[in-house]
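Visitor: I am new to reading protein structures. Could you walk me through a few features, one at a time?

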Amino acid sequence: MAGETDHKLRGNYEHMRPDYTVDQPWREYSQAEHELWRRLYQRQASLVPKYACQEFNDSLNALDCSAGIPDFAEVNPKLKAATSWEIVAVPGLLPDKTFFEHLANRRFPVTVWLRTPEEFDYIVEPDIFHDFFGHVPLLFNPVFADYLEAYGKGGLKAEGLNALDFLARLYWYTVEFGLIETRKGLRTYGAGIISSGGELPYCIDSADPNRIGFDLMRIMNTRYKIDTYQETYFVIRDFKELFDATAPDFTPYYAQLHGKAPHAPWEVLPGDRVLHRGQSPRRAA
Ligand code: HBI
Ligand code: FE
């Protein structure tokens with residue numbers, strides 16, 4: 001991801017270790033930053049009981065990081081005890097290979113800086129609120145935690161196979177923007193949604209987007225947009241479906257995908273398990 005953009009990366013990359021980790025400068029966060037965290041936290045915490053899956057909500061409540069920017073050193077013993085994952089502090093976006101290496105070793109990179117107050121509703125790059133509030137709670141779920149490790153290992157393999165675009169789509173449509181069927185109806189587990197004030201209600205309540213059953217090859221062959229609400233969400237039945245889908249060697253899948261033109265983000269295809277067909281007027285033309 002870091003390689004695909006020519007805008008200057010935010011964050012201080014000067015004092016990092018070779019694996020891009022830094023010490024979290026926890027004592028240096030200002031009172032204004034802790035206050036901004038509390039405001040971000042309160043808004044999202046008021047929405048997640050209705051829109052995020054139970055697994056996310058249970059972990060978030062157990063973590064209780066409502067009081068201010070969390071100290072990773074306090075969270076890590078709990079996370080280690082639960083799933084053997086740990087959080088590592090990083091300056092911001094990482095090169096793909098470095099990112100995958102961390103995931104493959106059950107280390108989740110969390111950006112150390114917080115957005116500005118002007119970015120309350122929207123931020124382009126991941127900051128500590130997105131990385132921590134969005135991603136960390138589900139690392140407490142054993143099946144999801146295993147999926148993310150498998151994803152990291154797959155990423156390292158994909159680098160040599162010219163297949164990173166495919167894997168990036170899988171990450172996008174699951175870890176960042178995935179929906180899950182539950183007994184209480186559709187919910188989200190995606191960190192990109194969970195850290196967004198607008199997309200949390202939209203992804204569940206809006207008639208605009210498509211909601212389509214999870215299909216690994218379909219997802220890896222579907223482009224995505226990074227600057228609008230998603231036009232299609234993919235829905236898993238449970239985290240085991242996700243983990244099982246990533247168990248096989250993807251090498252033959254990539255060979256197949258290399259010969260295909262990708263689908264647009266809004267398309268509904270003949271083989272899709274359509275839970276909801278999007279009503280977006282944009283698509284009428
Ligand atoms: N680096 N810090 C950070 N966070 C990410 O989510 C991230 C990254 N580097 C690369 C990347 N994501 C994606 O390109 C991969 O998921 C494909
Ligand atoms: Fe993210």
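Predicted model: local features only at pLDDT ≥ 70, side-chain atom pairs only at ≥ 80, totals over all residues.

Visitor: Which atoms coordinate the iron ion (ligand 2)?

Guide: To read a metal site, look for N, O and S atoms within 2.8 Å of the metal. Here the iron ion (ligand 2) is held by NE2 of His130, NE2 of His135 and OE of Glu176, at 2.0 to 2.1 Å.

Visitor: What spacing do the donors follow along the chain?

Guide: Their pattern is H-x4-H-x40-E. His135 belongs to helix H5 (residues 128-135) and Glu176 to helix H7 (residues 164-176), so this pair ties together parts that are 41 residues apart in sequence.

Visitor: Is His135 buried or exposed? And Glu176, buried or exposed?

Guide: Buried means under 20% relative accessible area. His135 has 6%, so it is buried. Glu176 has 10% relative accessibility, so it counts as buried too.

Visitor: Now the loop residue: where does Asp272 lie?

Guide: Find the elements on either side. Asp272 sits in the loop between helix H12 (251-258) and strand S7 (274-276).

Visitor: Why is Asp272 classed as buried?

Guide: Apply the cut-off again: buried means under 20%. The relative accessible area of Asp272 is 14%, so Asp272 is buried.

Visitor: What does Asp272 touch, not counting residues up to four places away in sequence?

Guide: Asp272 touches Ile212, Arg218 and Glu267. Its side chain also reaches the backbone nitrogen of Leu269 at 2.7 Å.

Visitor: What separates the C-alpha atoms of Asp272 and Glu118?

Guide: A distance of 40 Å, with the two residues 154 apart along the chain.

Methods: Residues numbered from 1 in each chain as written. Chains lettered and ligands numbered in written order. Heavy atoms only, no water. Helix = DSSP H or I, 4+ residues; strand = E, 2+ residues; numbered from the N terminus. Buried < 20%, exposed > 50% of the residue type's maximum accessible area, 1.4 Å probe, protein only. Contact = heavy atoms within 4.5 Å. Polar contact = N/O pair within 3.5 Å; in protein donor to acceptor, adjacent residues only side chain to side chain. Donors = N, O, S within 2.8 Å, 3.2 Å for Na, K, Ca; no water.
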